[in-house]
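Here is a short report to read alongside the sequence and the model. Please have both in view as you go.

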Amino acid sequence: MQGITEKQILEWKEELSKQIQTRDHAKKVFDECVNNINVLQGGINFGEMLLNKINTQSQENLKKQVKTNKSN
């Protein structure tokens, strides 16, 4: 009986070790995904802000040209 119990405990320890490794790997993958998502969101925000700035400057330049043309 003792031998069977010791064998079972050993199997459980091995399985525990595998599950811990699986969890740690999954956490690493999750953390990498979170980081990639943050980087992509930052890039999107930057691009959208840049486009808004370009559009605003273009509209201001167009308004200036219209005023200049009306003055002439």
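## Overall form

This is a predicted model. The chain contains one helix and zero strands, and helix H1 covers residues 2-71.

How does the radius of gyration of the chain stand against that of a compact globule of 72 residues? The chain has 31 Å, while such a globule would be near 11 Å. Along the principal axes, the C-alpha atoms fill a box of roughly 105 × 10 × 5 Å.

## Burial and surface

What share of the 72 residues is buried? The answer is 0%. The accessible surface of the chain is about 7,000 Å², and carbon and sulfur atoms contribute 59% of that area.

One nonpolar patch deserves a look: Phe46, Leu50, Leu51 and Ile54 together make a surface patch of about 400 Å². Leucine 50, one of these residues, sits in helix H1.

## Charges and salt bridges

Turning to charge, the chain carries 11 positive and 9 negative side chains. The centres of these two sets are 19 Å apart.

Side chains of opposite charge can pair when their charged atoms come close. How many salt bridges does a search of the whole structure find? It finds two. In one, arginine 23 pairs with aspartate 24, and their closest N and O atoms are 3.0 Å apart. Arginine 23 counts as exposed at 53% relative accessibility, whereas aspartate 24, at 40%, counts as partly exposed.

The other salt bridge links lysine 27 and aspartate 31, with 2.9 Å between the closest N and O atoms. Aspartate 31 is partly exposed, with a relative accessible area of 38%.

## Distances along the helix

Aspartate 31, which lies in helix H1, is 13 residues along the chain from isoleucine 44. The C-alpha atoms of aspartate 31 and isoleucine 44 are separated by 20 Å.

Isoleucine 4 belongs to helix H1 and counts as exposed at 61% relative accessibility. What distance separates the C-alpha atoms of isoleucine 4 and leucine 50, which are 46 residues apart along the chain? That separation is 69 Å.

Technical notes. Residues numbered from 1 in each chain as written. Predicted model: local features only at pLDDT ≥ 70, side-chain atom pairs only at ≥ 80, totals over all residues. Heavy atoms only, no water. Helix = DSSP H or I, 4+ residues; strand = E, 2+ residues; numbered from the N terminus. Rg over C-alpha atoms; globule rule 2.2 N^0.38 Å. Buried < 20%, exposed > 50% of the residue type's maximum accessible area, 1.4 Å probe, protein only. Areas by Shrake-Rupley, 256 points an atom, 1.4 Å probe, with all protein chains shown as cover. Lys, Arg positive; Asp, Glu negative; His and termini not counted. Charge placed at Lys NZ, Arg CZ, Asp CG, Glu CD. Patch = residues over 30% accessible without salt bridge, like charges linked within 9 Å, V, L, I, M, F, W, Y side chains within 5 Å. Salt bridge = Lys/Arg side-chain N within 4 Å of Asp/Glu carboxyl O.
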